[in-house]
Amino acid sequence: MCIFCDIISGKIPSSKVYEDDDVLAILDVSQVTFGHTLVMPKKHVADILEADEETVVKCAKVISKLSKQIVHNTGAAGCNVLNNCGEVAGQTVHHLHFHIIPRYSESDAVCFQFNESEKQNLAKVLEKVKG
Ligand code: AMP
Ligand code: ZN
């Protein structure tokens, strides 16, 4: 079905960090930083927009446990927890997954920059976002 489904079924080898009945966590081959880990549901779902709440909650519990474990065991100073949803957001594997990226310094391999756009009318934004 997809490369992560092949990893989950054992067809493709991986470095397993954690596994239970519903969730698998593996080391990301790219290792953006040392210990970079991916948390994914075993059930195939493309992204967070398609996932049911229960699936996301199961992943969140593992993210909560592993982020603490990984930061503690690697000696990182913190971490980024990241989900790319859709190609526009940089998603390349279309099986829901969350990145746990340990951070050792502000200048290591991860760079996020939030640029402020033109001033928004927050009341209008809120109305749109809440629907
Ligand atoms: P994203 O861009 O959020 O879809 O992230 C996909 C991630 O999957 C990338 O960081 C890849 O390095 C990682 N990846 C792709 N193939 C494998 C694989 N066989 N084993 C582990 N990680 C993989
Ligand atoms: Zn899949």
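A residue is called buried here if its relative accessible area is under 20%, exposed if over 50%, and partly exposed in between, with a 1.4 Å probe and protein chains only. The structure is a predicted model, in which local features need pLDDT of at least 70 and side-chain atom pairs count only at pLDDT 80 or more, while totals for chains, interfaces and linings use all residues. Residues are numbered from 1 along each chain as its sequence is written, chains are lettered from A and ligands numbered from 1 in the order in which they are written, and side-chain values use heavy atoms, with hydrogens and water left out.

The protein chain holds three helices and five strands; these are DSSP runs numbered from the N terminus, with helices being H or I of at least four residues and strands E of at least two. Read from the N terminus, the elements follow the order α-β-β-β-α-β-β-α. The C-alpha trace spans about 50 × 35 × 25 Å along its principal axes, and 37% of the 131 residues count as buried.

For comparison, ideal angles at a metal are 109.5 degrees for four tetrahedral donors.

Because H44 belongs to the loop between β3 (37-41) and α2 (53-74), and H95 to the loop between β4 (78-82) and β5 (98-103), the two histidines tie together parts that are 51 residues apart in sequence. H44 is partly exposed, at 30% relative accessibility, whereas H95 is buried, at 0%.

Ligand 1 has 16 residues around it, of which D28, N84, T92, H97 and H99 come nearest; a residue belongs to such a shell if one of its heavy atoms lies within 4 Å of the molecule. By class, the shell consists of eight nonpolar, seven polar and one charged residues. In this scheme Ala, Val, Leu, Ile, Met, Phe, Trp, Tyr, Cys and Pro are nonpolar, Asp, Glu, Lys and Arg are charged, and the others, Gly among them, are polar. Helix α1 (3-9) and strand β2 (23-27) each supply at least two shell residues, and the largest share, three residues, comes from α1.

Several polar atoms face the oxygens of ligand 1. An N or O atom in the side chain of D28 lies 2.5 Å from an oxygen atom of the ligand, and for the side chain of S30 the corresponding distance is 3.4 Å. A polar backbone atom of G90 is 3.0 Å from an oxygen atom of ligand 1. On its own, ligand 1 has 510 Å² of accessible area, of which the protein covers 82%; such areas come from the Shrake-Rupley method with a 1.4 Å probe, and for residues only the protein chains shown count as cover.

H99, one of the residues nearest to ligand 1, is found in strand β5 and is buried, with a relative accessible area of 11%. Its side chain makes a polar contact with the side chain of H36 at 2.9 Å. A polar contact is a pair of N or O atoms within 3.5 Å; within protein, one must be able to donate a hydrogen and the other to accept it, and residues adjacent in sequence count only if both atoms are side-chain atoms.

In the loop between β2 and β3, Q31 has a phi near 45 degrees, a positive value in a residue other than glycine. Q31 is partly exposed, with a relative accessible area of 28%.

N121 caps the N-terminal end of α3, with a side-chain oxygen 3.0 Å from the backbone nitrogen of A123. Just after the helix, G131 takes a positive phi of about 75 degrees. Within α3, V125 is partly exposed at 32% relative accessibility. The C-alpha atoms of V125 and F34 are separated by 38 Å, and the two residues are 91 residues apart along the chain.
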